[in-house]
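Morning, everyone. Today I want to talk about salt bridges. Please look at the structure first.

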Amino acid sequence: MALLQISEPGQSTNPHEHRLAAGIDLGTTNSLIASVKSGLAETLPDEQGNHSLPSVVRYCENEIIVGEAAKLAAADDPLNTISSVKRYMGRGLNDIKELGGRRPYEFADGDSAVPRIHTVAGDVSPVEVSSEILKSLKERAEASLGGTLSGVVITVPAYFDDAQRQATKDAGKLAGLNVLRLLNEPTAAAVAYGLDKQAEGVIAVYDLGGGTFDISILRLNKGVFEVMATAGDTALGGDDFDYAIAKWIMDEAGIHDDTSHHQMRRLMRDACAAKEALTSADVAALNIELDNGTSWHGELTRELFNQLISPLIQKTLLPCRRALRDAGVDTTEVQSVVMVGGSTRVPHVRDKVAAFFQQQPLTDINPDTVVAMGAAIQADILAGNKADGDLLLLDVIPLSLGLETMGGLVEKVISRNTTIPVARAQDFTTFKDGQTAMSIHALQGERELVSDCRSLGRFALHGIPPMVAGAARIRVTFQVDADGLLSVTAREETTGVESGIEVKPSYGLTDTEIETMLRDSIEHAEDDVASRMLREQQVEAERVLEALEAALADDGDLLSAAERNEIELVAKKLIELSKGSDVRAIKDGISALDKSATEFVARRMDGNIKKALAGHNVNEF
Ligand code: ADP
Ligand code: MG
């Protein structure tokens, strides 16, 4: 059991062979770096003893400040101080605009796909800002561990798409790090907990950080974690709690929506302090400095705070329900609920989660450091510091993958939430006699029609030996590797002719798009089935008509003029019917044509047998 092997402390390789590896929780709000020392994962502090590094970067004219000092300067230098940059990773300018108006900095206009933020030090991209945070963590780790890091594991929200993951990897590279792997945050948390508990069964990981919410349903079995389903909201977290409080203060203190950046930053800072105080206190005092030089005093009770954030917590329960449904498990089957992220310290969050899952969630590992610790454990293994303790981590694909078939229909090859890595093959055949090439179109989505799914790529398979329609055997294989990279290959089995493409399935898809596609597939399920049936019958009619045409061209002389006329009349009727949308009628039309051509088919078969036998001795066969 892999999990048991890695849980044994002190089983590392010889000290001189030990490679320095670290796990990084690159958070929206706070980031941490951890490493396994003497078999135990621990977070590494900076010189002042702080473990958590605020994910804030301040650009000055000739220096870049990261962390606490930058965070403190945020209210005074809002335009050059960048926080929550994780929200912008791998996003286009339009996505960012949709995220709402809480960002005080200015984005450079322009048609570049990568958004850039104006600062006194020039325009910077989210990847660059992130890399500053990573550089700072790297320095801290190398000072603390006394050597160069050989590799790191960086965690990302389970819901991050390929563009966001790629951006994170790029930030790592830019910081001079060797990124061994990106790991889903909830999976990392489960790794950390798995070590302590060695539990088996279904685990829900509820991660409410500063800017993102993630719910993951994991199954731990024989030392292997399998991610059964994930859901979440990339724009929901403790920041929203702060914003709810800030809004309340604005109402109470008569501050208008169009207030200055300065005022807004101060308000958010004070709101956050009040929120954190309310985790242990029943009431928080508020002293708000106003732009006009005066100040406003008030107090916020925990009760009122609970009311303010109640709708936000409620919003996290929808994805919880969806993830459970996708995983096919009931709340009663969930053995433990792991709490991750600073916002799960809020008592009201714990209460609501406990009520939803009908059990007390686990909070015994520090919810701020649990992700970094799990990442450190994984990094230690990947760096090769464990003799044979390989922990297999499995992920799932967020949307189904399939192929276009005749009539603009999608045939699913791998369905959503299948664990990766995975390879699935499906056999297809040719549509026409003598067809020597086949166009293969890979798609992603839940809907039945090609036009409603997302196109991933096309390629053609050439060199199929000419055969009658339906005789060729083309095996199409979809393979998704551990990093979520899809490759599609097609192979004609009799000749071994092969062709393929590699595509990134979720490249450029935002979470909202994924959600919309899923929602659409549910809403349109009935319509889709109806249109699929219609298309299928239309394709079938087309196939039958083409076969008839070919047969008449070859062996039309087997029929009398009257016989031929009758068949052609039925065929004409079918052509008309297949233009309409009456599935039943098309089906009947096909049967009618089959029936009227029965005699013709029989004569052709006789003729063919005679032709085939001509010049041969029966014993040869
Ligand atoms: P992220 O993963 O997004 O970086 P974290 O897990 O570090 O986030 O959580 C940060 C959030 O947790 C912030 O919104 C912060 O205000 C909140 N938080 C931290 N400590 C507390 C606390 N004691 N009570 C309430 N919220 C807290
Ligand atoms: Mg986090």
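Start with D368. D368 is partly exposed, at 28% relative accessible area. Partly exposed here means between buried, under 20%, and exposed, over 50%, using a 1.4 Å probe and protein chains only.

A word on the source. This is a predicted model, where local features need pLDDT of at least 70, side-chain atom pairs count only at pLDDT 80 or more, and totals for chains, interfaces and linings use all residues. Residues are numbered from 1 along each chain as its sequence is written, chains are lettered from A and ligands numbered from 1 in the order written, and side-chain values use heavy atoms, without hydrogens and water.

Which residue does D368 form a salt bridge with? R345, with the closest N and O atoms 2.3 Å apart. A salt bridge is a side-chain nitrogen of Lys or Arg within 4 Å of a carboxyl oxygen of Asp or Glu. R345 is partly exposed too, at 33%.

Next pair. R87 bridges to D239, with the closest N and O atoms 3.7 Å apart. R87 sits in the loop between β7 and α3, and D239 in helix α7, so the pair ties together parts 152 residues apart in sequence. Helices (H or I, at least four residues) and strands (E, at least two) are DSSP runs, numbered from the N terminus. Buried or exposed? R87 is buried, at 12%. D239 is buried as well, at 13%.

Now a pair within one helix. R543 and E540 are both in α13, 3 residues apart, about one turn. Their closest N and O atoms are 2.9 Å apart.

Finally, the whole structure has 23 salt bridges. R473, R491, E493 and E498 form a linked network of them.
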